[in-house]
Amino acid sequence: MMLNPIFESSARRRMRTVKTPVIVTAYAAVLLIFSLCQLTRFFGQGIAVWQARISTEWYIWLTALQFLLILLVAPALSAGSIAGERERQTFDLLLVTGVGTRRIVLGKMMENFAFLALLILCGAPVMALAYVTGGVPVTDIAVTLAYLLVIALAALSVGMVMSVCMRRSLTAIIAAYLMIFIIGAGTWGLAKHGPFAARYTIETFERLAGGWDALVTMPVTIFLNPAVALVMLLASQTGILHNTMQNTMRLSDIYTAANIAGFGRVAWVSLAAILAAALLLIALSIAVLHAQTGAARGGGRYKG
């Protein structure tokens with residue numbers, strides 16, 4: 001099977017640089033050092049039942065740490081993909097190869113996603129310590145890794161849109177981080193106060209029968225908030241984080257509806273919504289880049 005030539009070329013170039021093993025080693029080291037600091041009380045002794053709570057809390061913090069690292073790394077990776085080619089004056093060379101805008105965008109996305117997937121999978125052995133210490137089963141760890149992969153794809157898709165629309169890497173990176181913040185704050189704000197916000201009353205909760213009946217009453221925008229989706233997922237796995245949703249995130253009404261619907265069901269719907277949004281943003285990047293290059297061909301040489 002023939003690989004995407006852009007993916008093959010970019011991946012080979014990335015893996016041959018010294019920076020790649022340094023980043024992978026640093027990422028794994030951060031996770032391992034954080035884990036060792038949290039799990040030192042398990043050393044040299046058996047694992048008591050009450051210590052499972054400690055292991056569970058460590059698992060939550062480790063997942064949150066990886067979530068933040070992904071949000072820090074992913075936008076910068078993809079935001080420089082197309083904008084960087086324009087800055088280096090190499091974008092015209094990509095166009096004359098005849099690979100097409102679709103394969104250019106998909107190749108860049110695949111290469112960046114493969115690198116992030118490598119980082120996430122390098123953290124899998126560290127997360128497996130939660131199983132060894134009795135905190136979380138292996139299936140939940142696998143689901144969490146899948147969630148992190150989807151978040152990585154979504155963050156990369158935001159950066160790719162900015163990379164296509166901007167002509168400078170720095171501008172695209174700043175715009176990507178700003179857009180990530182707007183998505184997080186905006187979806188939370190609209191779920192609380194916007195036109196999509198659900199208005200719950202005591203009578204509303206009494207009428208909810210559970211399952212999908214409660215799920216459809218939740219604000220649509222809350223399913224696109226990756227932080228809320230992460231909390232819902234961890235709440236369904238660990239049975240804790242309830243105070244975080246009610247007080248810290250100020251989602252008491254939504255928390256009640258999610259509790260009735262089932263946190264796991266809400267998390268899976270959020271995961272599907274975020275994945276669909278990521279695919280739409282990738283399609284938008286392809287369409288915008290195609291329009292830019294098509295207009296340039298109609299009026300002469302492309303001005304990268």
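How much space lies in the second largest pocket? About 600 Å³ lies there. The model behind this value is a predicted one, so please read what follows as a description of that prediction.

## The second largest pocket

Lining this pocket are 28 residues, and those closest to its centre are Ile180, Ile183, Gly184, Leu224 and Pro226. Two or more lining residues come from each of H3, helix H8 (138-165), helix H9 (169-193), helix H12 (226-238) and H15. H9 gives the largest share, with nine residues. Sorted by class, the lining of the second largest pocket holds 24 nonpolar and four polar residues, and no charged ones.

## The largest pocket

About 690 Å³ of space lies in the largest pocket. Its lining counts 26 residues, with Arg13, Arg14, Arg88, Lys108 and Glu111 nearest the centre. Helix H1 (5-15), helix H2 (19-39), helix H3 (52-87), helix H4 (91-96) and helix H5 (101-122) supply at least two residues each. Here the classes divide into ten nonpolar, nine polar and seven charged residues.

| Pocket | Volume | Lining residues | Classes in the lining |
|---|---|---|---|
| Largest pocket | about 690 Å³ | 26 residues | ten nonpolar, nine polar, seven charged |
| Second largest pocket | about 600 Å³ | 28 residues | 24 nonpolar, four polar, no charged |

Arg14 also takes part in a contact with a ring: its charged end sits over the ring of Phe115, 4.7 Å from the ring centre. Likewise, the charged end of Arg86 sits over the ring of Phe91, at 5.5 Å from its centre. As for pairs between aromatic rings, the structure holds zero.

## The enclosed space

How many cavities of 30 Å³ or more does a search of the whole structure find? The search finds one, and about 40 Å³ of space lies in the largest cavity. Its lining consists of Tyr147, Leu233, Ala267, Trp268 and Leu271. Helix H15 (residues 263-299) gives the most to this lining, with three residues. By class, the lining of the cavity has five nonpolar residues, with no polar and no charged ones.

## The nonpolar cores

Tyr147 comes up again in the largest nonpolar core, which has 75 residues. Together with Tyr59, Met218, Ile222, Met232 and Val266, Tyr147 touches the most other members. H8 gives the most to this core, with 14 residues. Another core lies apart from it and has seven residues, among them Ala79, Ala83, Val161 and Met162.

## Two residues to look at

Leu116 lies in helix H5. Is Leu116 buried or exposed? Leu116 counts as buried because its relative accessibility is 2%, and buried means under 20%. Between Leu116 and Leu148 there are 9.6 Å in space, C-alpha to C-alpha, and the two are 32 residues apart in sequence.

His290 lies in helix H15. With 46% relative accessibility, His290 counts as partly exposed, because that class covers the range between under 20% and over 50%. His290 and Thr101 are 189 residues apart in sequence, while their C-alpha atoms are 5.7 Å apart in space.

Conventions
Residues are numbered from 1 along each chain as its sequence is written. This is a predicted model: local features need pLDDT of at least 70, side-chain atom pairs count only at pLDDT 80 or more; totals for chains, interfaces and linings use all residues. Side-chain values use heavy atoms; hydrogens and water are left out. On a 1 Å grid over the protein atoms alone, a cavity is a set of points where a 1.4 Å probe fits but cannot get out, and a pocket is an open set with protein on both sides within 12 Å along at least five of seven lines; lining residues have an atom within 4 Å of a point. Grid points are joined across faces, edges and corners, and a volume is the space filled by probe spheres set on the points. Helices (H or I, at least four residues) and strands (E, at least two) are DSSP runs, numbered from the N terminus. Ala, Val, Leu, Ile, Met, Phe, Trp, Tyr, Cys and Pro count as nonpolar, Asp, Glu, Lys and Arg as charged, and the others, Gly among them, as polar. Rings of Phe, Tyr and Trp (its six-membered ring) pair if their centres lie within 6.5 Å; planes under 30 degrees apart count as stacked, over 60 as edge-to-face and the rest as tilted. A charge sits over a ring if NZ of Lys or CZ of Arg is within 6 Å of the ring centre and within 35 degrees of the ring normal. A nonpolar core is a set of buried Ala, Val, Leu, Ile, Met, Phe, Trp, Tyr and Cys residues joined through side-chain atoms within 4.5 Å. Buried means under 20% relative accessible area, exposed over 50%, partly exposed in between (1.4 Å probe, protein chains only).
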